[in-house]
Amino acid sequence: MIIVERSDPREAGAATLLQQSHALMESLFPPEDNFYLDVESLTAPHIHFFTARDGDLICGTGALAVKDGYGEVKSMFVAEEARGKGVADALLRQIEDQAREENLPLLKLETGNVLHAAHRLYRRHGFTDCGVFGAYKAANSSIFMEKTL
């Protein structure tokens, strides 16, 4: 059974997954197109950071960054051995629930153009393509999506 809970990104299991995620992004995209938050940034007061676990094993991460008028999905990552088991779905549902608790009308995200499994996940949850938002700049390797809550 997958359990999603508020967590500290500095905890060993979460930090390990974040390092794996960052390494993957750095292997796929040029430095100027990597927009992930480092571990310390994920502890900011406007960030709700979550982990998913199966038993004692932390197998996924995700975060909600509360912005002015919307929430941004950040740091979505699932350990390779846990993919296909509903971990990302559970994390995204929790992020959406938290956004509703914050009375946010909209969720937005930036993801990589070659992360096709992520695109399918987000579309399955009702996200659609949108334009550049916030402090992002248009990048060939970025796709921007949003969902009205």
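Here are legends for a few close-up views of this predicted model.

Local features are shown where pLDDT is at least 70 and side-chain atom pairs where it is 80 or more, while totals for chains, interfaces and linings use all residues. Residues are numbered from 1 along each chain as its sequence is written, and side-chain values use heavy atoms, with hydrogens and water left out.

View 1. Rings of Phe, Tyr and Trp (its six-membered ring) are paired here if their centres lie within 6.5 Å; planes under 30 degrees apart are stacked, over 60 edge-to-face, and the rest tilted. By this rule the count is six aromatic pairs. Helices (H or I, at least four residues) and strands (E, at least two) are DSSP runs, numbered from the N terminus. Buried means under 20% relative accessible area, exposed over 50%, and partly exposed in between (1.4 Å probe, protein chains only). F35, at 23% relative accessibility, is therefore partly exposed, whereas Y136, at 13%, counts as buried.

**View 2. F133 and F144 make another edge-to-face pair.** Here the centres sit 5.8 Å apart with the planes at 85°. F133 lies in the loop between β6 and β7 and F144 in strand β7, so the pair ties together parts 11 residues apart in sequence. Both F133 and F144 are buried.

**View 3. Charged side chains sit over the rings of Y70 and F50.** The rule asks for NZ of Lys or CZ of Arg within 6 Å of the ring centre and within 35 degrees of the ring normal. K108 has its charged end over the ring of Y70, 5.5 Å from the centre. Over at F50, R6 lies across the ring face, 6.0 Å from the ring centre.

**View 4. S7 and its neighbours.** S7 is in the loop between β1 (2–6) and α1, and its 17% relative accessibility makes it buried. Its side chain has a polar contact of 2.5 Å with the side chain of T51. (A polar contact is a pair of N or O atoms within 3.5 Å; within protein, one must be able to donate a hydrogen and the other to accept it, and residues adjacent in sequence count only if both atoms are side-chain atoms.) A polar atom of the S7 side chain also lies 3.2 Å from the backbone oxygen of E5. Leaving aside residues up to four places away in sequence, S7 touches F49, F50 and T51, where contact means heavy atoms within 4.5 Å.
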